[in-house]
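Reader: I am new to this structure and would appreciate a short tour. Could you show it to me before I ask my questions?

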Amino acid sequence: MAALEAARRGAQVLLFDTNPMVGRKLLVTGGGRCNISNRHVAAEAYTCADRAFLETAFALWGHERTIARLEELGIPTYATHDGWCYPLSDSGATVAQAFAAMLHLAGVEVHLKTKISDVRLAAGCLILEVGGPSHTLTVDRAVVATGGKAYPALGSGGDFFSVLERLGHRVLPVRPALAPVVADVRRLHKLQGVRLDVGLTLLQGDDVVGRTAGNMMFTNYGLSGPAAMDLSHLISTRPHADLTLSVDLLHYTRDALLPLISRFREKPVPLRVILGAVLPVKIPPVLINMAGLRDDVTMDALSASDLEGVLDLAADLSVAVKGTRGFEVCQLSTGGVPVTEVEAKTMASRVIPHLHLAGEVLDVVGPCGGYNLQFALTSGALAGAGAAG
């Protein structure tokens, strides 16, 4: 996006990519469908050092402008009922192909399997080391869009952070974000593979660190799915903290369950049937067992305290957090250059003249659902326009 916007403004643009194709990371986004944006993108949905930075960036280049630009580039999109946006093709591969075709059409000189190993500032220009010190290139402006450390197999190992640090930028510790959560779920082993919509609260002692709601899946190592992953950056940045996740299994279904309980409270209907009306079939037996009740206990045989105990478990299923999965499976990384060191309108570095930064190299974390790809496209477009400006 940076290369296209720079070329659109008349700049002579060279694009260097260590991968054998441009947009390789797009192939794995959204489970291959490429969750490219979200209708509800807003600064308050993100975590970063300065929310005003994002407010300015999205005011200049937000969701609607992105979708319009993608349409111009031959990438029509659609949105689901909850605002998640995908290409009409439902394919990250076709998005990458479209970008490659548009780069060629715009006259961008693309160099694949090529690594920029260093950058130096000299005489009002930037000197790039292309593969090593023996081959250099002098440019007027450069956009760094080298990513973080997520999915290192796709070319993002975080190598360029050391270059930015040497040039004077502050680089915050890079840790997994949008990663599955590792937790003590031994007592919930029968729920492996169960997926449902829940509310999640992350606690450090009695203090609430973060809250979210959405889809979650029980796994053999802990919890996965967007709801759990949205809290993972709050876990990875607290590596030694005593953290607990409270799972509210009734977050979305409480209003449907309570009338059922009232209607069948004095009838010989199994409790598992009533709970099963709003929860996946594997969950009620586990809750009933954890409450110390018989599997076949009926509504009319339940004491008030027994019923309250089961409902309390369903509303606050607590698991001890051990950490997150690593960079190899996370969708994003947190850390990198704080946005306070970058100018919002052009993504220009406040530390290094003629350098612009975009995407995951900046310390910005959004939730699952297209938010992070939207920030990548926003920052890329502003960086490219700013560098050419």
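This is a predicted model: local features need pLDDT of at least 70, side-chain atom pairs count only at pLDDT 80 or more; totals for chains, interfaces and linings use all residues.

Reader: How many bridges join β7 to β8?

Author: Strand β7, residues 125-130, is joined to β8 by four bridges, and the two run antiparallel. Within this pair, Leu126 has Val139 of β8 as its bridge partner.

Reader: Now the sheet with β4, please. What is its order?

Author: That open sheet of three strands is ordered β2-β4-β3, again with antiparallel pairing. Its edges are β2 (37-38) and β3 (77-79); each has a single partner strand, so one side of each is without a neighbour in the sheet.

Reader: And which residue of β4 is the bridge partner of Tyr78?

Author: The partner is Tyr86. Three bridges pair β3 with strand β4 (residues 84-87) in the antiparallel sense.

Reader: A change of topic: is Leu54 buried or exposed?

Author: Leu54, located in helix α2 (residues 51-60), is buried, because its relative accessible area is 0%, and buried means under 20%.

Reader: Which residues is Leu54 in contact with, beyond its neighbours within four places in sequence?

Author: They are Ala43, Tyr46, Cys48, Val364 and Phe375. Ala43 lies 11 residues from Leu54 in sequence, with 5.3 Å between their C-alpha atoms.

Conventions: Residues are numbered from 1 along each chain as its sequence is written. Side-chain values use heavy atoms; hydrogens and water are left out. Two strands pair if DSSP finds at least two bridges between them. Buried means under 20% relative accessible area, exposed over 50%, partly exposed in between (1.4 Å probe, protein chains only). Contact means heavy atoms within 4.5 Å.
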